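Student: Could we go through the side-chain contacts in this structure, starting with the charged residues?

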Amino acid sequence: MDFRIDAATEQRLAGIRALGRAEIRPLGLEADRLGRPVPPDHPFFRKLVSLGLGRTRWSGDGDARASRGAAAREGSARAALCLAEELAYWDRGVAVSFPGPGLGEPPVLSMGTPEQKERFLGPFREPDRPRWGSFAMTEPGAGSDVAAIRTSARREGGAFVLDGEKSFAANASRADWIVVWATVDPSLGRGGHRAFVVERGTPGLGDFKIERKMGLKAYESTSFTLRACRVPAANLLGGEEHYARRAGFKGALQSFNATRPAIAAMAVGIGRAALDEALRVAREDGRLGDSRVRDRLERGRRRLRVARLLCWRAAWLADHQQPNMVEASLCKAVAPAVALEIASAGMEIAGEAAGRGDALAEKLFRDVKAMDIVEGTGQIQRIVMARHLVGLPRDPGAA
Amino acid sequence: MIDLGLSDELSLLRETARGFARDRLRDADRAAEAARAPAAAAREDYAAIGFTGLELPEGAGGADLGALARVLVLEELAAADPGAALALDPLGPALYPLVELGGEAALRELALPLLEAGGRAVLAVDLEGRVRTRGGRAEGSLPWLPADRVDLLVVLGREGACAIREGLEREELRGAGLRAAGASSVCFSGAPLCAAWRDPAAAARALARVRLYLAALLVGTMRASSDFARDYARQRVAFGRPIAHHQALAFLLVDLFAAVEGARVLVHEAAVRLDSGADAREACASAFLEAAEQSLFVTPNGVQVLGGHGFMQDYPVEKWMREARALALLGGGVDAAREDAGRELAGSEPPLALTLAEGAV
């Protein structure tokens, strides 16, 4: 057993720390104050690209399986967790606004044909400017229950015609393309799901509405519609054969499983920011002698450490290609609640000053709530765990 | 790089402990409780396997395997019978003040002769000055020690520690839990000290190791309760399905599982920190606190899942609930651990950096 972070990751963390203090945190506070996302033409994004960020992890040769294997050997899931935690520490909203293929990348990597990878990820290898990819599964009537999506895909000659509404897709209005999940037959449930890469400017893709959120205002969560939106058959991820081979749901399920520990690590990052801020405020106000204040801080740190270690274990299993469904859901179920608790305690320690609406402690309290919702709510995580641990049937009523 | 795996040696050790606990302790738990001691055969096996000397230096005939090895074994034993786990370890957490404050001389003069004679050392953590020493003698009273024989009493305080062999007036108690280890109160007035050490830093290190020892026992105890409740809930049918498939219970069972997993990983991290020679005082205090808090969430709910059966002594869950509660009273208690961890945190400067090596979050 070893709980140390390797030197290479530590060096990257130091880079994030410097960028975080100088730019990420201030940008996040500004976006929160203005109540709108960092605009896509902000010089910060160009700077990130010039620093070598905003790129795909697709190397451009070999298949995804091989590159995933290589990444796993380098301990990438664990390193990725550390980086995600540190970015979220400075500002999780700004972190999500970073250019890059984003959540659209995993399905393209795992399902896409070599041609599709080249077409959609190629421009992210050496991006000439900030570019974004996006991912759209959630609909107004389908959140955690992804099998219930209603956006339809109908074959018409050499194209598919998409109709429906998508909600809360990060960076969708600024994206070069969006991986859109649709169904060819709602009665098939997940078996009817198909993933399409819908490119910017495709007729019928529109009505982009940047949602107003409680927190995490620095990135856009965007709803949009697809109205008789014709997408070339070549943009069906993996081609028809892929879906003939296996259920369409698999790709989405896999990407959820891979990202749960990362979302949990972000909750830890936000929680750490809240803890640091609470400690700073308590010290400034001379309240560290109060054991009630100290006890809250102590519990926050302890629970955050538990959450972090649970994240690390899930990632460690992933890096060793061992099943981590229970562990991934476990850390995702635990971390957001832990982080919310310390964020709330942080406001209490700040007292009425946290009620003004301009305190970092208060922003973190709002920001962190989303972490218990995205990538499967805490309740969904418990259902997943209960299926594994006590054989909870998929339809409890049918037991 | 972050590695949550166990070495082959430690995996094997854990398997050995698990097998021993299953074969020698689990089904004998009520007998051991009634007899106020584990069976002689369990004691012999325990020593034969080499659990006694797990942490002792090789020079003292031990295996010198360190804190991680000890917590792995303790969890397995406590998952069968926490009282027996305490009773079987003749030095128990009393080892730590002897090592940290008394060093090799204390091992040689106090610990090894006691092991030779088949005696038992008992630790009392006294952070409130209940035991007073003067002119080589001690007086005080200790309301509860989980032991029926006290061949060597080691008292650990904030400033130092002392050891007493004679002049102890012991009275047998019923005990709230951990009865397999026995239960006594001890009074002494003018008892001669066989050793006394003053070294606050070493005393703090010893206290950290004591807390980790107890944390591991708590993790084992709550794991037993959580696992038992889960298995029971899959079998027991109510309203036409296993009670585990009612979501109110399914979620509770998942949360019990999560509590155990979280406490364990904190215990392991603190043990690794100890074994690396780093300052582990705060980590051990936190691990003890977490294990205490979570075990007091898990073990009462273990009883709850079994309903009326849980309250009856035909099932072990009521015993684990009492024992978790009792264990968390030892080692100076949870409030002192909270105080220590809180003071350490109050003294640190934000940002609390990411690296654990630097002693942060």
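**Side-chain contacts**

Tutor: A:Glu86 is buried, with a relative accessible area of 1%. Buried denotes under 20% relative accessible area, exposed over 50%, and partly exposed the range in between, using a 1.4 Å probe and protein chains only.

Student: What should I know about the model and its numbering?

Tutor: The model is predicted, so local features need pLDDT of at least 70 and side-chain atom pairs count only at pLDDT 80 or more, whereas totals for chains, interfaces and linings use all residues. Residues are numbered from 1 along each chain as its sequence is written, chains are lettered from A and ligands numbered from 1 in the order in which they are written, and side-chain values use heavy atoms, with hydrogens and water left out.

Student: What does A:Asp32 pair with?

Tutor: A:Asp32 forms a salt bridge with A:Arg366, and the closest N and O atoms are 2.8 Å apart. Because A:Asp32 lies in helix H1 and A:Arg366 in helix H11 (residues 360-369) of chain A, the pair ties together parts that are 334 residues apart in sequence. A:Asp32 is buried at 14% relative accessible area, and A:Arg366 also counts as buried, at 13%.

Student: Changing topic: how many aromatic pairs are there over all chains?

Tutor: The count comes to 15. Rings of Phe, Tyr and Trp (its six-membered ring) pair if their centres lie within 6.5 Å; planes under 30 degrees apart are stacked, over 60 edge-to-face, and the rest tilted. A:Phe208 and A:Phe224 form a tilted pair, 5.6 Å centre to centre with 40° between the planes. A:Phe208 is in strand E6 (residues 205-210) and A:Phe224 in strand E7 (residues 221-232) of chain A, 16 residues apart.

Student: What about B:Tyr232 and B:Tyr315 in chain B?

Tutor: Their ring centres are 5.9 Å apart and their planes at 85°, so the pair is edge-to-face. B:Tyr232 belongs to helix H7 (residues 200-235) and B:Tyr315 to the loop between helix H10 (308-311) and helix H11 (317-327) of chain B, 83 residues apart. B:Tyr232 is buried at 12% relative accessible area, while B:Tyr315 is partly exposed at 24%.

Student: Which residues do ring pairs link into a cluster?

Tutor: The cluster consists of A:Phe44, A:Phe45, A:Phe98 and A:Trp132.

Student: And what lies over the face of A:Trp132?

Tutor: A:Arg174 does, at 5.2 Å from the ring centre. For a charge to sit over a ring, NZ of Lys or CZ of Arg must be within 6 Å of the ring centre and within 35 degrees of the ring normal. A:Lys213 lies over the face of A:Tyr219, at 3.5 Å from the ring centre.

Conventions. Helix = DSSP H or I, 4+ residues; strand = E, 2+ residues; numbered from the N terminus. Salt bridge = Lys/Arg side-chain N within 4 Å of Asp/Glu carboxyl O.
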